[in-house]
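Please open the model in the viewer and prepare to select residues by number.

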Amino acid sequence: METTLRGVGVSHGVAIGEVRHMGTAVLEPPARQVRPEEAPREQGRARQAVEAVANDLIARGNLAGGEAQAVLEAQAMMAQDPELIADVERRIAVGSTAERAVYDAFATYRALLEGAGEYLAGRVADLDDVRNRIVARLLGVPMPGVPDSDDPYVLIARDLAPADTALLDPTLVLGFVTEEGGPTSHSAILARALGVPAVVALPGATEIAEGAVIAVDGSTGEVFVDPSAAKRAELAKAAAERKAALAGSSGPGATSDGHKVPLLANVGGPGDVAAAVAAGAEGVGLFRTEFLFLDDSKQAPSEESQVAVYRQVLEAFPEGRVVVRVLDAGADKPLEFLTPADEPNPALGVRGLRTLLAHPEVLQTQLRALARAAEGLPVYLEVMAPMVADRIDAKAFADACREAGLRAKFGAMVEIPSAALRARSILQEVEFLSLGTNDLAQYTFAADRQVGAVSRLQDPWQPALLDLVAASADAARAEGKSCGVCGEAAADPLLACVLTGLGVTSLSMGAASIPYVRSALAKHTLAQCERAAAAARATDSADEARSAARAVLSGE
């Protein structure tokens with residue numbers, strides 16, 4: 001009998017196939033004591049296992065490339081954390097086995113993360129994955145992971161670690177469904193990069209039987225268990241129509257009546273450029289430069305190395321627009337040489353621009369590197385600051401850009417409600433705004449973007465969030481300046497139409513989403529988008545907003 005479940009769709013497309021479950025987690029090691037003379041050997045085993053796991057994560061990242069590489073390198077750094085290793089060795093010295101010491105040390109660190117604010121609590125899943133890999137190696141058992149299958153399947157898991165998601169084979173894994181996670185989790189972002197249909201935050205997902213046939217709609221978030229022949233045919237038809245529309249869509253982003261909406265790509269470095277160019281990106285709307293800094297948490301990259309990386313990205317978009325976000329460090333992206341280790345709540349502390357203003361030499365080096373990288377290139381370089389709170393922040397950033405001799409437009413990211421509410425004031429100091437809807441939702445609703453239990457509040461269709469987008473766009477229009485969106489909200493084709501109706505002037509997303517958004521915009525006039533935006537804002541919930549916009553755009 002057909003059953004319909006609903007989670008959060010995070011990667012477009014439809015997948016129909018048999019269920020395969022992710023391997024179960026590593027069992028808790030027994031609390032066995034070792035003799036004092038055995039401690040050095042156990043400590044050596046622990047160090048070797050840690051290094052082996054870190055090297056494996058780095059190797060997986062090298063294979064995956066792009067954003068996945070940066071995520072996995074960050075996990076490798078987590079495995080090699082000196083304080084964690086020291087704690088493991090202390091536990092071994094007082095009688096624990098290597099595997100038990102790792103398990104207990106990670107449990108302590110896990111508790112600290114859970115209590116250190118929403119951002120760091122979101123890293124618990126990554127920490128658990130690192131622990132499991134080290135313990136599995138010490139126990140000599142295979143690391144539970146993606147099932148071994150010669151036939152294509154739909155993967156179901158409680159959650160997916162980046163190390164598993166990054167190397168999924170799209171020819172075998174038709175799609176995936178998770179019980180945890182949210183629309184902006186690492187797995188969701190990597191699923192979009194892979195082009196694999198995915199649904200997250202689906203209650204009871206792991207209870208679906210192994211071998212059951214399910215249909216996954218990564219656009220609507222619906223999962224159909226034992227779908228009828230009619231439902232399969234309906235989904236297949238919709239997928240075919242979507243594919244045909246994508247094939248017929250090309251060129252710059254625009255509504256059907258010619259209103260231009262530049263479609264840009266979010267990139268983490270040169271490894272993401274080829275996919276962006278292939279998708280027809282008109283430039284880069286978010287160049288996340290922090291991935292370059294995460295390669296070594298102990299010191300900032302040299303000016304020369306930064307110039308080389310930035311120039312590779314700038315050269316790929318001659319005559320195009322490239323928007324660079326300066327280093328966004330702190331909270332879930334701590335850097336040993338830069339961010340304080342003892343903040344009670346890092347997400348609400350010294351992060352983003354606040355960190356850079358506290359370390360002006362790091363900011364100046366990056367700005368000089370960007371200025372040098374753009375020399376002689378016909379690219380339209382724009383540089384923006386993360387986590388701008390008010391006009392004082394915006395002025396400090398603009399002054400720093402001028403001091404570095406940067407010939408570019410200076411902008412501010414709107415990720416804090418105060419910036420949206422006072423956007424016109426901020427625009428007295430900078431030339432454009434860019435809405436980071438992931439963080440803006442997180443701070444508006446006090447809802448961690450990594451926690452599935454609060455995923456409804458991370459839904460970018462929330463009317464309150466749309467109100468803040470509208471306030472920012474209205475302010476930019478009044479000042480004759482631009483206001484783009486570079487959060488994951490831009491990757492939703494229906495929402496992209498609504499954002500256009502709200503007055504957003506450009507949309508930036510993962511490369512895989514660009515054709516879907518281009519196709520959706522081309523079907524509707526600007527007036528239709530404006531009516532859909534007004535209808536969405538007139539509702540009281542994300543689901544109602546989505547339905548209201550869909551009704552307007554479908555002519556219901």
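Is E429 buried or exposed? Select this residue in the predicted model: E429 is buried, since its relative accessible area is 17% and the cut-off for buried is under 20%.

R391 and E429 form a salt bridge whose closest N and O atoms lie 2.7 Å apart. R391 itself is partly exposed, with a relative accessible area of 39%.

Now move to R6 and E222. These two residues form a salt bridge, with 3.2 Å between the closest N and O atoms. The pair links distant parts of the chain: R6 is in strand 1 (residues 3-6) and E222 is in strand 8 (residues 222-225), 216 residues apart. E222 counts as buried because its relative accessibility is 19%, while R6, at 47%, counts as partly exposed.

E18 is partly exposed, at 36% relative accessibility.

Finally, select R35, E37, E38, R41, E42, R45 and E99 together. Salt bridges with shared partners join these residues into one network. To place these stops in context, note that a search of the whole structure finds 35 salt bridges.

Conventions:
Residues are numbered from 1 along each chain as its sequence is written. This is a predicted model: local features need pLDDT of at least 70, side-chain atom pairs count only at pLDDT 80 or more; totals for chains, interfaces and linings use all residues. Side-chain values use heavy atoms; hydrogens and water are left out. A salt bridge is a side-chain nitrogen of Lys or Arg within 4 Å of a carboxyl oxygen of Asp or Glu. Helices (H or I, at least four residues) and strands (E, at least two) are DSSP runs, numbered from the N terminus. Buried means under 20% relative accessible area, exposed over 50%, partly exposed in between (1.4 Å probe, protein chains only).
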